Amino acid sequence: MLREILSITGKPGLFKIVTHNGRVLIVEDIKNGKRFAVSPRDKVVSLGDVAMYTTGEDLPLPEIFENCYKVNEGKTVDVKALQADGGLAEAFAAVVPDYDRDRVYPSDIRKMFTWYNALVEAGFTTFTEPKAAAEEPKTEE
């Protein structure tokens with residue numbers, strides 16, 4: 001689901017892939033719907049490919065967003081207030097209790113919450129792909 005959502009270095013916000021032809025992507029801002037072309041020299045990152053460090057396995061961003069959505073009951077996070085209170089790390093620890101405090105910086109946490117807010121404001125309620133139902137084993141008659 002989040003494979004179609006992009007972050008583009010130097011451009012604020014998040015963008016959805018509309019189409020692509022060869023080397024050029026056509027994207028749409030998830031906030032205002034404006035479309036534009038992204039050239040191959042722009043650094044583009046799919047949110048589905050991002051993960052954050054934990055003390056165990058790296059945790060994919062879609063799972064972090066799912067946890068954040070549950071913890072915050074589907075509401076946005078007031079990043080500025082958390083940052084002013086010094087509670088940014090605590091709020092993130094509520095979402096990802098085992099995050100690696102040495103390798104995840106406050107700027108990473110702020111960016112994650114900012115992206116989460118943008119997605120929630122754009123109407124996203126699920127962030128991971130639905131798990132395929134396990135196929136029932138076939139029995140021979």
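## Before we start

Residues are numbered from 1 along each chain as its sequence is written. Because this is a predicted model, local features need pLDDT of at least 70 and side-chain atom pairs count only at pLDDT 80 or more, while totals for chains, interfaces and linings use all residues; side-chain values use heavy atoms, with hydrogens and water left out.

## The five-stranded sheet

Let's begin with an open sheet of 5 strands, ordered β4-β3-β2-β1-β5 and paired antiparallel. Strands here are DSSP runs (E, at least two residues) and helices are too (H or I, at least four), numbered from the N terminus. Two strands pair if DSSP finds at least two bridges between them. At the edges sit β4 (35-38) and β5 (44-46), each pairing on one side only. On average, neighbouring strands of this sheet are turned by 45° against each other, direction ignored; the axes behind such angles are lines fitted to C-alpha atoms, for helices over the stretch in contact, and angles run from 0 to 180 degrees between N-to-C directions.

Now for the pairings themselves. Strand β1 (residues 5-8) is joined to β2 (residues 15-21) by 2 bridges, and Ile-5 stands opposite Lys-16 in β2. Between β2 and β3 there are 6 bridges, with His-20 facing its bridge partner Leu-25 in β3. The hairpin of β2 and β3 has 2 residues between the strands, and Gly-22 takes a positive phi near 65° there. Next, 4 bridges join β3 to β4, where Val-27 stands opposite Phe-36. The hairpin of β3 and β4 has 5 residues between the strands, and Gly-33 in its turn has a positive phi of about 80°.

## A buried aspartate

Asp-29 is found in strand β3 (residues 24-29). This residue is buried yet has no salt bridge. Buried means under 20% relative accessible area, exposed means over 50%, and partly exposed lies in between (1.4 Å probe, protein chains only). A salt bridge is a side-chain nitrogen of Lys or Arg within 4 Å of a carboxyl oxygen of Asp or Glu.

What, then, surrounds Asp-29? Leaving aside residues up to four places away in sequence, Asp-29 touches Leu-14, Phe-15 and Lys-34 (contact means heavy atoms within 4.5 Å). The nearest side chain of opposite charge, Lys-31, is 7.2 Å away, but the backbone nitrogen of Lys-31 lies 2.7 Å from a polar atom of the Asp-29 side chain.

## Helix α1 and its cover

Helix α1 spans residues 61-71, and its buried residues include Leu-61, Ile-64, Phe-65 and Cys-68. Among the elements covering the buried residues of α1 are β6 (51-52), β7 (59-60), α3 (88-95) and α4 (106-121). Just after α1, Glu-73 takes a positive phi of about 55°.

## Charged pairs

Side chains of opposite charge can pair when their charged atoms come close. The structure holds 4 salt bridges. One of them joins Glu-28 and Arg-35 (3.0 Å, N to O); Glu-28 is partly exposed at 23% relative accessibility, and Arg-35 is exposed at 55%.

Glu-73 is exposed at 62%, and Lys-75 is exposed at 52%. Asp-100 and Arg-103 also meet in a salt bridge (3.1 Å, N to O). Here Asp-100 is buried, with a relative accessible area of 15%, whereas Arg-103 is partly exposed at 39%.

How values were computed:
Lys and Arg count as positive and Asp and Glu as negative; His and the chain ends are not counted. A polar contact is a pair of N or O atoms within 3.5 Å; within protein, one must be able to donate a hydrogen and the other to accept it, and residues adjacent in sequence count only if both atoms are side-chain atoms.
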